[in-house]
Amino acid sequence: MNVLSPMRRVPASLLIGALALGLAACGGDQPNITDYPNTTFEHRTEFNAALDFLWDRLLLWGTIVFVLVEALLIYTIVKFRRREGGPEPKQVHGNTALEITWTVIPAIILVFIAIPTVRTVFQTQATVRADALQVEAIGHQWWWEFRYPQYPGLVTANELYLPVGRTVNFALVTKDVLHSFWIPRLGGKRDLISNRTNYLWFTPDSAFGEAALNGMCAEYCGDSHANMKFRVFVVAKGDFDSWAQHQMAVAVPHRPADSTASAAPATVGRAMTPSGAPVVLASQAGAVPPAPGAAPYTGWNKPLPAFVVPQTPVPAGLAWSAPAGDAERGKQLYSMSSCIGCHAVRGNPMSVGNIGPDLTHLASRHTLAAGLYPNDTKHLALWIKNARAMKPGSIMPTLGLGEYDPIMKAKVTTGGLSDQQIADLVAYMQSLK
Ligand code: CUA
């Protein structure tokens, strides 16, 4: 019987449907960045170009091999299928010529795969050019710390600025478990391995122009692996220099009266005089000052593309009543609280912790909690109130009075912060531009 039975028709129609879908995907316009913001196929660095080239070659050869093998298979199935009343097939044992052929052909195919693969491995592991921008990317459960050793004091979290057209070399280290550094449109994935430094370099090419991009952890690393993201801003060289200058500075005082106190402990970066004018310190020698008369660039200030804006919903049961905060009270509370055991605010001599993210320029960042929430009043307040409800497994303790701590499995009682205290802390944090 040539007609397919109903049971055989199902896989046949599935196959035809899949083929039709596959063919439909081939047509239409070129994919654009808004539809595929994390694509690796539109290469913008020599690193991704090398990987893309290798992928294209392997896909081409793989397709040729697949078509040949499947054609032979189908031909054999049809031509030598069992027929009603047909004779017994000829019995054979072994065929030396055939066996040599099907050993030699795959060996040749493997050579064709190995040569460009090994070449790409060496290309992407080559020594980086000496004038590259150096960035230390440090993985933590579950956030990213970025240090720029050529810019004394420049340390940020979950937000990376890169100058367009300049090669950047990442030194990848982890403070705890394995992570993997990946900016799909620029490069990676490369693992962060305990007791070892891995390197990754690439150049965001000048055709790229300015861009806001997503970065992420690509190696399962625990409860909040999926919440270990970061943002990347590729900006013009001049903007990068003035951003770096701004980030090297100590915390911007939130009131003129505070200027002297904030400037006094500065040992690196740019201090502020009481009038607010920058003082260039000796330790800053070699850093590039902003062009005279140029507006100070404090970070990406253009509208953000939707694909880098966090959409994480606030967990059920968390609410913010939004009392008005006072930055001065917040600073006093912060400087006496356990916050300073984990966080640093350069310019606040009480705050020199190094377990959590450096908060010196927290208000200049676009996201909170490693790219999980937008950095606005509500999300910052809720984060201080109950970080562990906002992000599973967070080592930042639950601080809001009466809040349920999902790790301690108990409500916060004595020592918990009232909404007013949280609002004051938020006001202080938001003064750290
Ligand atoms: Cu870090 Cu997954």
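## Charges over rings

The charged end of K302 sits over the ring of W300, at 4.6 Å from the ring's centre. This is a feature of a predicted model. A second case involves K79, which lies over the face of F80 at 5.8 Å from the ring centre.

W300 also belongs to an aromatic cluster.

## The protein as a whole

The protein has 433 residues, and buried residues make up 42% of them. Its secondary structure consists of nine helices and 16 strands.

Counting contacts between residues at least 6 apart in sequence, 62% join residues at least 24 apart.

## Aromatic pairs

A pair of aromatic rings is described by the distance between the centres and the angle between the planes. The count in this protein comes to 17 aromatic pairs. One of them is formed by F41 and W55, a tilted pair with 6.0 Å from centre to centre and 40° between the planes. F41 lies in the loop between α1 (6–26) and α2 (46–79), while W55 is in helix α2, and the two are 14 residues apart. F41 has a relative accessible area of 48%, so it is partly exposed. W55 also counts as partly exposed, because its relative accessibility is 42%.

Another tilted pair is made by Y334 and Y428, with 5.4 Å between the centres and 55° between the planes. Y334 lies in helix α6 and Y428 in helix α9 (residues 419–431), so this pair ties together parts that are 94 residues apart in sequence. Both Y334 and Y428 are buried.

## Helix α6

Helix α6 covers residues 327–336. Y334 is one of its buried residues, along with A327, G330, K331, L333 and S335.

The N-terminal end of α6 is capped by D326. A side-chain oxygen of D326 lies 3.1 Å from the backbone nitrogen of E328.

Strands of a sheet pair through backbone hydrogen bonds, in either a parallel or an antiparallel sense.

A137 stands opposite F146 in β2.

Strand β6 (residues 179–183) is mostly covered, with five of its five residues buried. In a regular strand the side chains alternate between the two faces of the sheet. In β6, H179, F181 and I183 point one way, S180 and W182 point the other way, and all are buried.

With β7 (residues 187–192), β6 pairs over five bridges, and a hairpin of three residues joins β6 to β7. H179 has L192 as its bridge partner in β7. With β9 (residues 211–217), β6 pairs in the antiparallel sense over two bridges. W182 stands opposite M216 in β9.

## A buried arginine

R346 lies in the loop between α6 and β13 (367–368). Its relative accessible area is 15%, so R346 is buried.

Two backbone oxygens lie within polar-contact range of the R346 side chain. The backbone oxygen of Q247 is 3.2 Å from a polar atom of that side chain, and the backbone oxygen of M248 is 3.5 Å from a polar atom of the R346 side chain. Leaving aside neighbours within four places in sequence, R346 is in contact with G153, V155, Q247, M248, A249, V250, A251, D358, T360 and H361.

Note on methods. Residues are numbered from 1 along each chain as its sequence is written. This is a predicted model: local features need pLDDT of at least 70, side-chain atom pairs count only at pLDDT 80 or more; totals for chains, interfaces and linings use all residues. Side-chain values use heavy atoms; hydrogens and water are left out. Two strands pair if DSSP finds at least two bridges between them. Helices (H or I, at least four residues) and strands (E, at least two) are DSSP runs, numbered from the N terminus. Buried means under 20% relative accessible area, exposed over 50%, partly exposed in between (1.4 Å probe, protein chains only). A polar contact is a pair of N or O atoms within 3.5 Å; within protein, one must be able to donate a hydrogen and the other to accept it, and residues adjacent in sequence count only if both atoms are side-chain atoms. Rings of Phe, Tyr and Trp (its six-membered ring) pair if their centres lie within 6.5 Å; planes under 30 degrees apart count as stacked, over 60 as edge-to-face and the rest as tilted. A charge sits over a ring if NZ of Lys or CZ of Arg is within 6 Å of the ring centre and within 35 degrees of the ring normal. Contact means heavy atoms within 4.5 Å.
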